[in-house]
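Subject: Structure handover and notes

Dear colleague,

Here is the structure I said I would pass on. My notes follow below it.

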Amino acid sequence: MTGFTLGTGKVRAVLFFSLLFLLYWKAPRFNGVNANSRFNLTKAIVLDHSFIIDKYYANTMDWSHREGHYYTNKAPGSSLLAVPIYAALVWQERARNLDPLELHTDLENLRRADLFVTALPSVVLCFFFLSFLLGKAPARGPPLAARHAWIVLFAYAVATLAFPYSIMLWGHQTAATFLFLAFYFATTQRRPALAGWFASLAVLAVAGLLVYLWVSHVSASSPAQRAQTLLKFCLGALPVFLVFIGYHKSCFGGWLVLPQNPLYHNPVQVSPEDYHKLFGVVGLPSAHALFGILLSTERGLFYLSPVLALAVPGFYRWLRAPGERAQAWLAAWIVLTGVLWNISFNGWYAGQCVGPRYLIPFLPFLTAALIWVRPGRLFYFLLAASALNMLAVVAVDTQPETVHNILTDKIYADLFSRSRLWFRFAAMTSVAMALFACCCLRIKLPGARTAQNAPPSS
């Protein structure tokens, strides 16, 4: 595998990732009840040394209640990651005689925690995503395929839901980072312990990674060596898994009792059918939900980011590429598992937000298939439309009310009617154009002479 090295395009890499971090840092943030629920747990841990959010739950409806106390109903990962950041902020504020719970200070602390827990990991994810994509470039024929790898990175970072959810403390993009890093270290670096660590942080797709680690070693190792690889993976995952089940045991009385259990969940968000579902949330897959998350004008993934529709033929070519089948099947398995989970979830529509947010952890794997798509006029047209949609969403509102057509009835309707939003949109679009320009610069692959990329084929 060739991978990404700083010696090939160091200036371009520094410029691209600096601009990307600037975009994520300066983009407007629309944190609401979801982010508040996660941050409430962080505050309780730092200020009260407890998981109980009784003092803070009034700013959110996303809570669970057990034995007279309130808890966040979110996965604890983002909240726990924010603890050292928030602790440092509280220490600094108290040294200046500031109240960390004063409204303005509290909101600023939430934004700063989001920057380190969501935006920064998203940039790290993009770095490893680029490394993965450039590893495919030699098979596609450098230098054109190498430039295409950069453009696929742009597609992921700016033209998908990864962008709006990299600027909110919602946990999905952080999970995407850990899940992709688990995939990356399992499939390209052969570091099962590290892959297990990141997989446990993401929780999802562990079974698929285990199967891949076993199958991919069949011809290269003995059964004992394969078993040792799986053991390293499991040992890497064990510490975080123990924290995960210990947290739920402490808060909800059972090692695998989730906060969404109807017995404890906010009654406003519980229906009678939930009492008969697995973990209180998982039922049978729904065709209506499948259409809703992929194609509907309310929140459809392919409607908001039409360039991702090209990932379907991309996967077909990836699966047929020599030496790529195992890795392609693993990526496809992760995407299909995510879709199946989403359409089986009782709240598949994901509340008041833009797009199918429960699919965000799986977007790197879906977008990766675009490396196998011919970059012609259709590709660039859909990429431009997708990027403009995401820029408009971030400029207007990442948590809009549900309307029949989210783009025409809400996002663009507001954008065209309010000059302040146009200024935001124009400023972010200029940064996005600079990012795209970085992707189109000259590139030098290891072992290849520097060359000006030819224009893409139509």
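Which residue forms a salt bridge with D106? The partner is K43, and the closest N and O atoms of the two are 3.2 Å apart. D106 belongs to helix 5 (residues 103-140) and K43 to helix 2 (residues 33-48), so this pair ties together parts that are 63 residues apart in sequence. Both D106 and K43 are buried. Please keep in mind that this is a predicted model.

Salt bridges

The count of salt bridges comes to 9. Besides the pair above, these may be of use to you.

- K55 and D48 form a salt bridge, with 3.1 Å between the closest N and O atoms. K55 counts as exposed because its relative accessibility is 65%, and the cut-off for exposed is over 50%. D48 has a relative accessibility of 24%, so D48 counts as partly exposed.
- K74 and D62 form a salt bridge, the closest N and O atoms being 3.3 Å apart. K74 is in the loop between strand 2 (69-72) and helix 3 (77-81), while D62 is in the loop between helix 2 and strand 1 (63-66), so the pair ties together parts that are 12 residues apart in sequence. K74 is buried, and D62 is buried as well.

Helix 11

Helix 11 covers residues 287-294, and A289, G292, I293 and L294 are buried in it. Against which helices do the buried residues of helix 11 pack? They pack against helix 12 (301-304) and helix 14 (325-344). The N-terminal end of helix 11 is capped by S286, which has a side-chain oxygen 3.3 Å from the backbone nitrogen of H288.

Helices 13 and 14

Helix 14 also packs with helix 13 (residues 311-320), at an angle of about 145° and with the axes 7 Å apart. From helix 13, the contact is made by F315, W318 and L319. From helix 14, the contact is made by R325, Q327, A328, W329, A331, A332 and V335. By type, the residues of this contact divide into 8 nonpolar, 1 polar and 1 charged.

If you open the model, you could begin with the buried pair D106 and K43 and then go to the contact between helix 13 and helix 14.

Regards

Key:
Residues are numbered from 1 along each chain as its sequence is written. This is a predicted model: local features need pLDDT of at least 70, side-chain atom pairs count only at pLDDT 80 or more; totals for chains, interfaces and linings use all residues. Side-chain values use heavy atoms; hydrogens and water are left out. A salt bridge is a side-chain nitrogen of Lys or Arg within 4 Å of a carboxyl oxygen of Asp or Glu. Helices (H or I, at least four residues) and strands (E, at least two) are DSSP runs, numbered from the N terminus. Buried means under 20% relative accessible area, exposed over 50%, partly exposed in between (1.4 Å probe, protein chains only). Contact means heavy atoms within 4.5 Å. A polar contact is a pair of N or O atoms within 3.5 Å; within protein, one must be able to donate a hydrogen and the other to accept it, and residues adjacent in sequence count only if both atoms are side-chain atoms. Axes are lines fitted to C-alpha atoms, for helices over the stretch in contact, and angles run from 0 to 180 degrees between N-to-C directions. Ala, Val, Leu, Ile, Met, Phe, Trp, Tyr, Cys and Pro count as nonpolar, Asp, Glu, Lys and Arg as charged, and the others, Gly among them, as polar.
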